Amino acid sequence: MSVQHVQAGYLPGLATADVQWQTLSFEQDGQRVDVAVPVLTAPQMQALAQRVRQASARHLKTMTVSEIIDVIDRAIARLLDPDDPYRQQADALLPIVSGYDAQMVRLGLTGFFKTFRAPQLHRFVAEDFANPKVLDGFQPAPKGGAVRAHGPQLLAHSWAGNVPALALWSLVCGLLVKAGNIGKLPSAEPLFAGWFARLLAEVHPPLADCLAVVWWRGAGDEAADALYAQADTVVAYGGNDALHAIQRRLPVTTRFLAHGHKLGVGVVSARALDAQRAPALARRAAWDVMRYDQQGCYSPQLFYVQRGGQVSPRDFAAYLAGELANLQTRFPRRALDLTESAAVAKWRQAIEWQLPSGGRDALLGDPDSAWSVAYFDAAPALSPTALHRNIAVAAIDTLDQAAALVAGASRYLQTAGVAATPEELYRLADQLGAAGVTRISAIGAMSMPEAGWHHDGRFNLLDLVRMTEIEQSAEAAAEPYAPYEP
């Protein structure tokens, strides 16, 4: 077995010899990667936080947003270059660490990185700020006076590792609001964030001390407390239990932005189900299921399919099953651990117990297959599957039924993929939005959000800043003191 040794994290101002390191090992297809992650003491974390805070005040906060976007764009250009050492390292090691198929990871990374190029980032900023210059200085306010936005002095991130390179999203948000950034690596994918921090330091050396990437196990210890004590804002991703554990460690005055488990759903109109369009639609739906084995918060769990088209909902389920079988040949599902395998077996068994003899309900896919499609002729309410390419399809008579069927999961709703006419789309969007859905995409794009999407229905940048206003009264009161006044 070939073994590679990699050092993770990014610790400006700390010598490697002064830090304790713990090894996390990952294996796939006869290859092993030993990743050394840093274990800091509370004093080291406190000194690191102060260094990042001070450096960002000197350098990052003096840059314009356009200058920051240019730096990020140059870093992303290197990550999109297949001959760049950073991209080659990502393509080689992330499949081993994550367990996902190498080609799936390569395509996923390319699609993800493309949303962080300069044109997309400018749209991203403009989505949250009518005048992005408020991030650079005071700007005229429509009501009179002036306003500007201030990002945190120190922004802490706690990242999830279910999807490779996921840390890039919140790290870029932190840079755009000119915060000093310290991120906690996920044990499931501890590599990419450190690489990106080093790459930014290479592209623009003044940023070298403006961010750091650290690690601790679980909810953390004294080192985590030392960071949280200094952070203005904490952004965290993960399961609800993990998020509650983090929140309990935070000072009451710290802004906490949590992103927990979410459910995705698809809705298919009968108008989309003719003999020509239905197979292509099933292919796109299968890609949404296949990408990272439904581990994204935007991945579909169930497709509601309207009766009355040339292709029945039951036949659409069969098309979807065939496409998942084809994708398993091209992009094999990663090997499941015992807990994941048991969850899949339990889900399949529960479906089989529900199937009436002689009915149209069906469970497509053998128990040994790396995918399965459960078909229900009577549509159930939205509930999670076992993930890992296990998907449900349910028949509905009218599109209006969909919102009622998902409303019970409103706290967990995020993305809905829709295939419908323009008129149906807007009516359905109103209904789904009222039920709790925050993002509506085309089927096939569910697992590829656009740049600037409102994650969980919130503002990516506005939620990170505080606004300072100069009221008209202050402007008027200042006028008599001007040297040009008599």
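A cavity is a set of grid points where a 1.4 Å probe fits but cannot get out, and its lining residues are those with an atom within 4 Å of a point. With that idea in hand, the predicted model can be explored from the inside. Rolling a probe the size of a water molecule over the atoms shows where empty space is left. In this structure, 1 cavity of 30 Å³ or more is found, and the volume of the largest cavity is about 40 Å³. Its lining is formed by Trp 159, Ala 160, Leu 166, Ala 167, Leu 185, Pro 186, Glu 189, Phe 192 and Ala 193. Sorted by class, these lining residues comprise 8 nonpolar, no polar and 1 charged.

Helix H5 (residues 118-128) packs against helix H6 (residues 167-176) with the axes 12 Å apart and an angle of about 70 degrees between them. Angles of 65 to 115 degrees count as roughly perpendicular, and H5 and H6 are therefore described as roughly perpendicular to each other. The crossing of H5 past H6 is right-handed. On the H5 side, Leu 121, Phe 124 and Val 125 make the contact, and they meet Trp 169, Val 172, Cys 173 and Leu 176 of H6. This contact has 7 nonpolar residues, with no polar and no charged ones.

H5 also has a contact with helix H2 (residues 65-79), where the two axes come within 9 Å and cross at roughly 140 degrees. That angle makes H2 oblique to H5. Here too the crossing is right-handed. From H2, the residues in contact are Val 65, Ser 66, Ile 69, Ile 72 and Asp 73, while H5 contributes Ala 118, Leu 121, His 122 and Val 125. The classes in this contact are 6 nonpolar, 2 polar and 1 charged.

H1 passes H8 in a crossing that is right-handed. Ala 42, Met 45, Gln 46, Ala 49, Gln 50 and Arg 53 of H1 touch Glu 222, Ala 223, Ala 226, Leu 227 and Gln 230 of H8. Among the residues of this contact, 6 are nonpolar, 3 polar and 2 charged.

Definitions and conventions
Residues numbered from 1 in each chain as written. Predicted model: local features only at pLDDT ≥ 70, side-chain atom pairs only at ≥ 80, totals over all residues. Heavy atoms only, no water. Axes fitted to C-alpha atoms, helices over the stretch in contact; angles between N-to-C directions. Helix = DSSP H or I, 4+ residues; strand = E, 2+ residues; numbered from the N terminus. Parallel < 35°, antiparallel > 145°, perpendicular 65-115°, else oblique. Left-handed = near helix turned anticlockwise from the far one by under 90°. Contact = heavy atoms within 4.5 Å. Nonpolar A, V, L, I, M, F, W, Y, C, P; charged D, E, K, R; others polar. 1 Å grid on protein atoms, 1.4 Å probe; cavity = no way out; pocket = protein on both sides within 12 Å on 5 of 7 lines; lining within 4 Å. Points joined across faces, edges and corners; volume = space filled by probe spheres on them.
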